Amino acid sequence: MTVRLQTAWLIGVALLAGCAPGGDSVTVYTSQDQVYAEPILQRFEQESGVRVRAVYDSEAVKTVGLINRLIAEKNHPRCDLFWNNEEFRTHQLAARDVLAAGVPIESFGARTRQWVWNTNRLGRAELPPSLAALTNAQWRGRVVIALPLFGSTATHFQVLRQRWGAARWQAWCRALLANGVMTVDGNSVVVQLVGRAQVALGLTDSDDIRAGLRNGLPIAGKPLGQDGLVIRNTLGHIRGAPRPGLANRLAKFLQSPTVRAALVEAGAIDPVETPATAIAWPSLVEANELAVSELQSIFLE
């Protein structure tokens, strides 16, 4: 066999094996739900010939586990690209110098925070005009939220603190609790309780509403308007990553129209993006420890 033919044969074997010549692979840590992310990463493998080593988060720790792992690995990084299904934690990594200097955080696709209500118990015209109205007597014991210490609910509450100011926000949180708001473990549980008519109204994410509708629950959703939050997927390039070139290649793929269409079809992101209100992420990250302490004192004591 000639050298040229031998080389061509080796390349063909490598591609059939699902990896590029030399066994190239890229490592991605992702908080995107595995049911959504895995088919997309498999498609990248098939189209690129680059093997993807994916590390997924645990629903129980709401992305925090991956963040802590990336911080722990900061001086000896194993990850090339962090695919997060929200923004706040990615900006936390930037503040800790875990992300590559001079490489911007990239974003694509989005979910939204929404009202979810049981259509057998409420009509659209009966929805509160704002989040502030949830402290009114008519909503006593009729509202459910995820505990605002984790995930998108925590980010949403901290964004409200930034918008309203700490004093007004703390008063609202305390009044919300005094009005009998139910707190549960996660946005999907919010949807389930509303769907079962155990409560009339909840706050959750648009992807969880779509999942509930697919499961036949009698629910509907509506964005929160001026009180809302647009939750974008973000990509963080890791400082000192072993394979930055492959990370760039994967990042470009994830931002492609093909991937956007796949995420929309799966229900992971909204079909039409809602214009986002500007958020001062560095200030939000800086205030996080204090905000979490305030939330713990209100909702856990």
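Visitor: Where does Asp97 lie?
Guide: Asp97 sits in the loop between helix 4 (88–95) and strand 4. Bear in mind that this is a predicted model.

Visitor: Why is Asp97 called partly exposed?
Guide: Its relative accessibility is 46%. Buried means under 20% and exposed means over 50%, with partly exposed in between. At 46%, Asp97 therefore counts as partly exposed.

Visitor: Which loop holds Ala197, and what is its phi?
Guide: Ala197 is in the loop between helix 7 (187–195) and strand 7. Phi of Ala197 is near 65°, again a positive value in a residue other than glycine.

Visitor: Is Ala197 buried, exposed or partly exposed, and how do you know?
Guide: The value for Ala197 is 33% relative accessibility. The in-between class runs from 20% to 50%, so Ala197 counts as partly exposed.

Visitor: What makes you say that strand 7 is largely enclosed?
Guide: Strand 7 covers residues 201–205, and five of the five are buried, so the rest of the structure largely encloses it. Look at both sides: Leu201, Leu203 and Asp205 point one way, Gly202 and Thr204 point the other way, and all are buried.

Visitor: How do you know that strand 7 pairs with strand 4 (residues 106–118)?
Guide: Pairing takes at least two bridges. Five bridges join strand 4 to strand 7, and the two run antiparallel, so they count as a pair. One example is Val116, whose bridge partner in strand 7 is Gly202.

Visitor: And what makes strand 5 (residues 143–146) a partner of strand 7?
Guide: Two bridges join strand 5 to strand 7, and these strands run parallel. The requirement is at least two, so that is enough to call them paired. Gly202 turns up here too, as the bridge partner of Val144.

Visitor: Why is Ser206 called buried?
Guide: Ser206 has a relative accessible area of 2%. The cut-off for buried is under 20%, so Ser206 is buried. Its place is in helix 8 (residues 206–214).

Visitor: What does Ser206 touch, leaving aside its neighbours within four places in sequence?
Guide: Ser206 is in contact with Arg111, Thr112, Gln114 and Asp270.

Visitor: How do you know that Ser206 and Asp270 make a polar contact?
Guide: Their side chains come to 2.6 Å. A polar contact needs a pair of N or O atoms within 3.5 Å, one able to donate a hydrogen and the other to accept it. The pair is listed as a polar contact between side chains, at 2.6 Å.

Visitor: Which other residues of helix 8 are buried, and what do they pack against?
Guide: Along with Ser206, the buried ones are Asp207, Asp208, Ile209 and Gly212. The buried residues of helix 8 pack against strand 4, helix 7, strand 7 and strand 8 (219–223). Just after helix 8, Gly216 takes a positive phi of about 80°.

Visitor: Why does Leu246 count as buried?
Guide: Leu246 has a relative accessible area of 14%. You'll find Leu246 in helix 9 (residues 244–254).

Visitor: How far apart are Leu246 and Ser25, in sequence and in space?
Guide: They are 221 residues apart in sequence and 7.7 Å apart in space, C-alpha to C-alpha. Ser25 is also one of the contacts of Leu246, along with Asp24, Val26 and Val50.

Visitor: What makes strand 1 (residues 25–30) largely enclosed?
Guide: Six of its six residues are buried, so the rest of the structure largely encloses strand 1. Ser25, Thr27 and Tyr29 are on one side, Val26, Val28 and Thr30 on the other, and both faces are covered.

Visitor: How do you know that strand 1 pairs with strand 2 (residues 51–56)?
Guide: Six bridges join them, and they run parallel. Since at least two are required, they count as paired. Thr30, for one, has Tyr56 as its bridge partner in strand 2.

How values were computed: Residues numbered from 1 in each chain as written. Predicted model: local features only at pLDDT ≥ 70, side-chain atom pairs only at ≥ 80, totals over all residues. Heavy atoms only, no water. Helix = DSSP H or I, 4+ residues; strand = E, 2+ residues; numbered from the N terminus. Buried < 20%, exposed > 50% of the residue type's maximum accessible area, 1.4 Å probe, protein only. Contact = heavy atoms within 4.5 Å.
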